[in-house]
Every structure is written in structure tokens, then in C-alpha cells.
Amino acid sequence: MDDDFDDIDLGDGVTVASASDENDPSDAACVVVTDPDAEVPRDVPTILYTEASPEAVGRPARFDAYVSRGDRAGLETQVRWALSSAGFASEHDDSAEDGAVTGSRTDAEWDRLKRLYEGTTDLIAAETVEELYERAIGLTDHILEFDNTSFFRHDGEGFSVVANDDDVAETGPISTDMGLLGETYRTGRSFLVDDVRDHPVADPNDPAYRSAVSVPAGDDGVFQAVSNEVGAYDETDRTLAELLVSYVSETRSRIESEAAVRKSREQIERLHRGATELAAATSLDELFEQTVEITDDILEFDISYVGVVEDGYIVPAAISSDAPADGAERVPLDDGGIAAEVYLSGNTDITDDVRDHPEARPVKRMYRAVLSVPIGDLGVFQATTFTPDAFDERDAELAELLMAHVAVTAERIRAESRLREERDRSTALFEHVSDAAVAYDVEAGAVTVRDVNRAFQSAFGYDADDVVGSDLLGRIIPPEPEPDPVPEPEADETIPELLVATGESYRGEVRRRTDDGVREFILNVVPLSPGEERGAGYAIYTDITERKTRESELERQNERLEEFANIVSHDLRNPLSVARGNLDLARETGDEVRFDTAERALEQMEELIDDLLSLARRGQLVDETERVDLGAVARQAWATTDTADAELVTSQSVVVDADEDRLAELLANLFRNAVEHGGRDVRVEVGGVDGGFYVEDDGPGIEPERRDEVFEPGETTGEDGIGYGLAIVQSIAEAHGWSAIVTSGTAGGARFEFRA
């Protein structure tokens, strides 16, 4: 046999063998099969022990008994019955009273057993516990032929009659200490009594009763059959009663389990419907009121309560309508009993009796059992009853499920409230903010202006009547520059104003087009109603154009300071060291040649200081510009520059818009550069080009790889130059807004072109 038979005790002299043994089944006193379709031996009591339901068993008359798989107590009872019928009395069974019958059963007894087995189908078909007991009583009357039968249920305070064959209304409670009934319940043993007057425990409530069969029915009940005759029942009757009770107990467990499953399913369905209703709440007060209504109605709690945490206290927010007027109170988090513990820990708590809980602080002495569930970071839910041990894990699971919905809905309500407050603040800001502000909608990538403030009209130069209702981006987004031949990978091309459609905020620097041209702003994007492709919000533009200009100028000044530092620390120190060294040698040796060397070093320092002064005036190079004759300015600059035997060629018809003094300084530096690198007899030409002018010489020119470096301060290849002339040229050109490029002249020399 399998593991189901390991713990079955059938007494001495009984051997249990499996189908794999060599014994012939026909030699067995009793056979147990698990397959309803198995062939069974003839003339041998056969018990069907299977997971199949009785109604699914074909030809049930082939079997002497049916036991549901897993009911080991029922299996043991049936096997004992079969063994006793075959003449095997159980030696260890000391529960039988004097006069118990053993030995072979009569055909009439086998017939009663068969009818009981067949009647179990009727039992299993019962849909309610009440119907089950009624059908069981019918079997005792018509199959077991008992006189007066009853089923008793123990409910904690005593016994109550739940069914009997006299149609007596339910009575109770009957004390647990009551006679044979109480003894059967306490010991879990079956009793067969021939005469209650001779039994030490029996104490019938009717003096006419004489004999009885008393069988425990599960963990909370007892079945009894009584008779007014002495010795009305025998061992067969007791065994049949035990079989009947085992069928009833098993079927009752199945009915109650199915009923519990149905109730749980219905509760969950109703709970989900209630949670859907919660999702429609528009305020926290409404949400909490609905919460206690749902827990009272669906979860069937006696008193439900919601407390929210405010300023270190748990404050009542909602309580059941049937609760006492003072059924809840404000309690501190640092000494708020179970509610505070649950909120702070975030863990559900089931307290069977607050009187046994050291931290409990019940508002009412009548409160006993308490179920406490945290509601996120919002507060705590509690359910309480006036009796102990009222809640189980199932109640906790359902309450946790509901409170999860409550927490989500509460967060949604709070978020909407914050959004409304933000919208109100944004509206006030829009009306009074000093920066340019736009209220707009976004749909399918289009930005439609709803309103603009006065600052926007002033900063952008657009009238409100022209802007409202129009496409904002089409008006203020500047034209896109020529695309880079190799775009940067993963470049973010999102227009910040569009982010309100997804509920995203933004703050950053942008360039936007105004009526006066493109200016630079700090843009703040504030979303109001986020959606997948639709939204509304505000854009606030703070003009930083002037600040950016100042920052650029400051950056240039810092660069000049760094250049000055380099020159002072290096370029001025070198000729100064030369002059000092030669003066010292002149003192020591009296060699006057040393004075000439020192003088040349001082002249180089003087030239360098002049260039430094020019560089220092970079920020003030151009005050005002006017139309000037390029040739006249060139000849003036040539006359004031040491050009030795060099030749100047100018065009008489070139006019440029420039600061005449600064233009002359630019040309003078180019002339000196030409003489320095092209020789004393170099030829220099000044003329016009499209949009500007040029200066070129017929000297050796500048190598292509060095043309980007010649404008850097200190860059020179000459023996006498100090490398700042072309840096000054570029500074003056930039101050005029000209670009300066280096290329090759017509005669192969250096050519400098300047264009606006």
C-alpha cells in the first residue's frame, strides 16, 4: 500500500499488503482500490479510496464502501468495518462497551452498509450545510433505521441542536459538561451505551432515554442516536454511525470551503467595484467617508476608522456611522498606541484583544479586537469589534487591498490639489511677473497662444491682438542655421515649449526672435495639464542679451589680462635682462659697445610698450565710424611709419565705413609687418574687394600651415619683431565687425583681406 496506510492502526493480527506483493487478492479479508475502473475480487469486501467524486464512479454497486482520498480516518473506519464483518475483531479497540457484537455480519447488515454507501451520493449533492444535515437525518431514519437522531454544534459557549428527526427547532446552549454529549466532544471518542442508567457519565435530558450511540462529528460537533429501549443499538449501529458522520464531516468541509471561496470571490468583486467608486472621489474627505462605508458594507467590519497624520498627530478623518459619538480621538504619533506603531512601521497588525496588548490605547473600553492597516504615508485604517479574536489574515489581506486603492486615490487627489494650487499661483505670476510671459496650449506639436502679458509685448515687440490665437513657435523660433556636415550623435532637438504636453518643466538658455532681431533669454516652461500629445502651460522669457554681451566682453578682458601677464612676465623681462646685463659689463670693462646693445634692448622694450598700449585699448578701439577714403588713410599711415625704401600703391576709389584713427593704426601695423618680413624695398598694395579691402605685399608670403597662427599674440618669425602687430590688426578688425583672413598675394607675398 502507499503512504496513506502508514499510520492506520487496525490492531494485532492484521497484515496490510500492497498490490505488488505476491499474495492473491482473493486471500485478503478486505481490498482497497484507488482506481474506480479497477477489477475487484468477488466475495471480498472492497473499498474504493479515490479522488473521484461518488457521482463520477461507474457501477458503484461493485464496491462495499467509498472513501474520499485523503480522509484517512474514514478509511480506517471502513477497513475496520470490513474486517469485523469478515471475523477480524480489533483487539486494541477499547471504546466498545460490554455486549459489542463481533464476528461475521449478516446479509441484513451488509445490506444496510450498501444502502448507506449508496446514500452518500445524496449527501454529497447537498449545496448548504443545513441541507446536508437534513439529508443525513433522512439517512439515519430510512437506511440506518435509528429511532431518535440529532446533530449538535459546539459554538464556544455550548451545544446547539442543528438537526434532528423530530423537526425540533434549534435549541441551546447545552453545557459542554453535559453528560455523554460533553464526554464525546471532549474525548473525541465514540460511545455505545446499552443502558444510560448504568453509565457513569450519561445524563440524558429525557428520563425515558435508555440506550444511545454518540459519535464525534469533526472538531466542533457530535452526532447522537437515542432510544427508549435498553440495548437498542449494537456495534454495527455504532460503525454505521461513524461512517455516516465521516461522510457528513467531509461534505460539510467541502460545502463550507466552497461557500468561503464564493464569499471571498464576491467580496473581492464588490471590493473592486468599491475601489472603482473610490477612484471617482474628488476630495480626501469624500474618499475617507467612502472608505469606511465600503469596509462596513463589503468587509462587514463593526466599526471602521480612518486617521490621517497631521503635525505629529493622528487625526480622525472618518468613522462608521454606527460608531459612538466619541469613538475616535486625536492621538500623538509618539504615544498613539497601535495606530501610531502601524503608521510608523508600515506593517499591518492584527490584535486579537486590546486588553492583552501592552501598547494598546483603546478610546473605548468596549473595544476588543483591532485590525490596523497603514495607508501609505497618509495615515492609518483601523477596524474594531466588541468581541476578541474577530479578525484573521483574510480580513487583513482584503483591507490591505482596499487601502492600496485608497493610498493611490489619495495621492491622485493631492496631486490634483497641488496642480490646482500651482495653476492659481502661475496665473497670479502671469498677471504680475515682470518678465515676458506666454500662456499657451500644445496639441500635435503646434503651440497656440492663449494670452501674453505686457512684458512680453514690450520685450518681443509683438502686439497681443496679433499674437493671441497664433502659432507661437512660428513667430519666435529663429531660422535654423545651415546643418553641420557631420551632426553630433544623439543631439537633442526638442523645442522646450513643447515639453508641457508631457508634463515636463524646463529651465535653460534659448535664442528667440523678436521684432528687433534674435535675442538671448532664460526660458522657464511651467506645465499645467499634462497629456500624451496635448497640454497647457506657461513660458516665461527673461532677456539676458545685455548680460551675455557683458559676459563676452569680460571674457575678452580676461584674455587680455592673461596676455599682459604673459608679456610682462616674459617678453618685457627678456630685453630688460639684456639691457641690465650689458650695463653691468660696461661698468666692468668700459666697453662702450655694451651701451649700444643696451640701447637696442630699451628701444625694443619701448616698441613693445606701445603695442601693449594698443592691445590695452581693445575694448575702446572704435568709438564711432564714418565713411573714409581708404587710399588717403593708407598714405597717412605710410607717412608716419618707418618704411625705408618700400613702395606703397593705393586705389583712389575705395571708401570704407571705419574709425579713421584705428584704421590708420591697423594699416601701419601691416606696413611694418611687410617691411619686417619682405625687406626694405618691399612693394605694398592697398585696394578694395567685395564688401571690404585688402593689403598685400610682394615679400616671401606666409606658409599655409601658419596662416591660422599669425594673429596670435607674440607670434613672429622676424629677427626684430615682437609678434604683437598682427594681434593688434585682428583686434581692430573685430572691433569694426570685420573678418580678417590671410592668403597669398598676386606676386606670391602675404595678402590680408578684411570684409564686413
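Is Asp165 buried or exposed? In this predicted model, Asp165 is buried, because its relative accessible area of 17% falls under the 20% cut-off. You will find Asp165 in the loop that runs between strand 5 (159-164) and helix 4 (179-187). Leaving aside residues up to four places away in sequence, Asp165 touches Ile137, Asp141, Asp147, Asn148 and Thr149.

Now to a pair of helices. Two packed helices are described by the angle between their axes and the distance between the axes. For helix 3 (residues 129-142) and helix 5 (residues 235-278), the angle is about 165° and the axes lie 10 Å apart. The two are therefore roughly antiparallel to each other, and helix 3 passes helix 5 in a right-handed crossing. On the helix 3 side, the contact is made by Val129, Leu132, Tyr133, Ala136, Leu139 and Thr140, which meet Leu244, Val248, Thr251, Arg252, Ile255 and Glu256 of helix 5. The residues of this contact divide into eight nonpolar, two polar and two charged.

Finally, a look at backbone angles. Most residues other than glycine have a negative phi. Asp389 is not a glycine, yet its phi is positive, and Ala444 also has a positive phi.

Definitions and conventions:
Residues are numbered from 1 along each chain as its sequence is written. This is a predicted model: local features need pLDDT of at least 70, side-chain atom pairs count only at pLDDT 80 or more; totals for chains, interfaces and linings use all residues. Side-chain values use heavy atoms; hydrogens and water are left out. Helices (H or I, at least four residues) and strands (E, at least two) are DSSP runs, numbered from the N terminus. Buried means under 20% relative accessible area, exposed over 50%, partly exposed in between (1.4 Å probe, protein chains only). Contact means heavy atoms within 4.5 Å. Axes are lines fitted to C-alpha atoms, for helices over the stretch in contact, and angles run from 0 to 180 degrees between N-to-C directions. Angles under 35 degrees count as roughly parallel, over 145 as roughly antiparallel, 65 to 115 as roughly perpendicular and the rest as oblique. A crossing is left-handed if the near helix is turned anticlockwise from the far one by less than a right angle, and right-handed if clockwise. Ala, Val, Leu, Ile, Met, Phe, Trp, Tyr, Cys and Pro count as nonpolar, Asp, Glu, Lys and Arg as charged, and the others, Gly among them, as polar.
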